[in-house]
Amino acid sequence: MVKTYQATFCTYTVFPSLNNYINRFSLRTADGTLLTDQLNMVIIELSKLNNILNKPIENLSSFEMWSLFIKFANNPMHKKLINDIIKVKEEIGMAKELLREISKDEHERARYRSRRMAETDRISDLLTSEEKGRIEGRAEGKIEGKKEVLALFKQGLTLEEIEKIINDEKCE
């Protein structure tokens, strides 16, 4: 069995007698005997996060950053804090964008999807144009090469002499 964790985020205080906002528990019998260390429960009390609000961003653990984001993502008073966390932890920025997307009304979601599709189409068009340009460039190169061979042939050179000229040009 692989070690498993169940994380529960609570906006209220579950354990008033415990100071930490993260509390870990394992399965035990009534007499305290550990049943397994493979199943673990983590209770995160977001109501106790105020203790880490003044902690410098560089000293926050990944878990603390995520917890602050979950609690304060939509709180305008903590916008700077969340933006500073996003600068350090890019995936939280992605979560913020997703939260913004799913929080919009249907009209806003449709506009967002349209913008995303337009951006995807623009990128696809650019890539297609680049590939088309490479193909056209190769085709033009082949045409120019054939013209050069024909001109050399018209000058009276033999096929062997033309091959030698072409091979010499490739080596340069």
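Keep in mind that the model is predicted.

Aromatics first. The count is 3 aromatic pairs. Take Phe 9 and Phe 63. Their rings are stacked, 6.4 Å centre to centre, with 20° between the planes. Phe 9 sits in strand E1, residues 4-10, and Phe 63 in helix H1, residues 62-72, so this pair ties together parts that are 54 residues apart in sequence. How accessible is Phe 9? Phe 9 is partly exposed, at 35% relative accessible area. Phe 63 is partly exposed too, at 32%.

Now Phe 15 and Phe 25. The ring centres are 5.2 Å apart and the planes stand at 45°, so this pair is tilted. Phe 15 is in the loop between E1 and strand E2, which spans 22-28, and Phe 25 is in E2. The two are 10 residues apart, and the pair links distant parts of the chain. Phe 15 has a relative accessible area of 25%, which makes it partly exposed. Phe 25 is at 30%, also partly exposed.

Thr 13 is partly exposed, at 40% relative accessibility. What does Thr 13 touch, beyond residues up to four places away in sequence? Glu 45, Ser 47 and Lys 48. With Ser 47 there is a side-chain polar contact of 2.7 Å. From Thr 13 to Leu 46 is 33 residues in sequence, yet 7.7 Å in space, C-alpha to C-alpha.

Glu 45 and Lys 48 form a salt bridge, with the closest N and O atoms 2.8 Å apart. Buried or exposed? Glu 45 is buried, at 0% relative accessible area. Lys 48 is buried as well, at 11%.

How many salt bridges in total? The count is 5. Another one joins Asp 84 and Lys 87, at 3.8 Å, N to O. Both residues lie in helix H2, residues 79-88, and they are 3 residues apart, about one turn of the helix. Lys 87 is exposed, at 70% relative accessibility.

One more. Lys 89 meets Glu 91 in a salt bridge of 3.0 Å, N to O. Lys 89 is buried, at 17%. Glu 91 is partly exposed, at 36%.

Conventions
Residues are numbered from 1 along each chain as its sequence is written. This is a predicted model: local features need pLDDT of at least 70, side-chain atom pairs count only at pLDDT 80 or more; totals for chains, interfaces and linings use all residues. Side-chain values use heavy atoms; hydrogens and water are left out. Rings of Phe, Tyr and Trp (its six-membered ring) pair if their centres lie within 6.5 Å; planes under 30 degrees apart count as stacked, over 60 as edge-to-face and the rest as tilted. Helices (H or I, at least four residues) and strands (E, at least two) are DSSP runs, numbered from the N terminus. Buried means under 20% relative accessible area, exposed over 50%, partly exposed in between (1.4 Å probe, protein chains only). Contact means heavy atoms within 4.5 Å. A polar contact is a pair of N or O atoms within 3.5 Å; within protein, one must be able to donate a hydrogen and the other to accept it, and residues adjacent in sequence count only if both atoms are side-chain atoms. A salt bridge is a side-chain nitrogen of Lys or Arg within 4 Å of a carboxyl oxygen of Asp or Glu.
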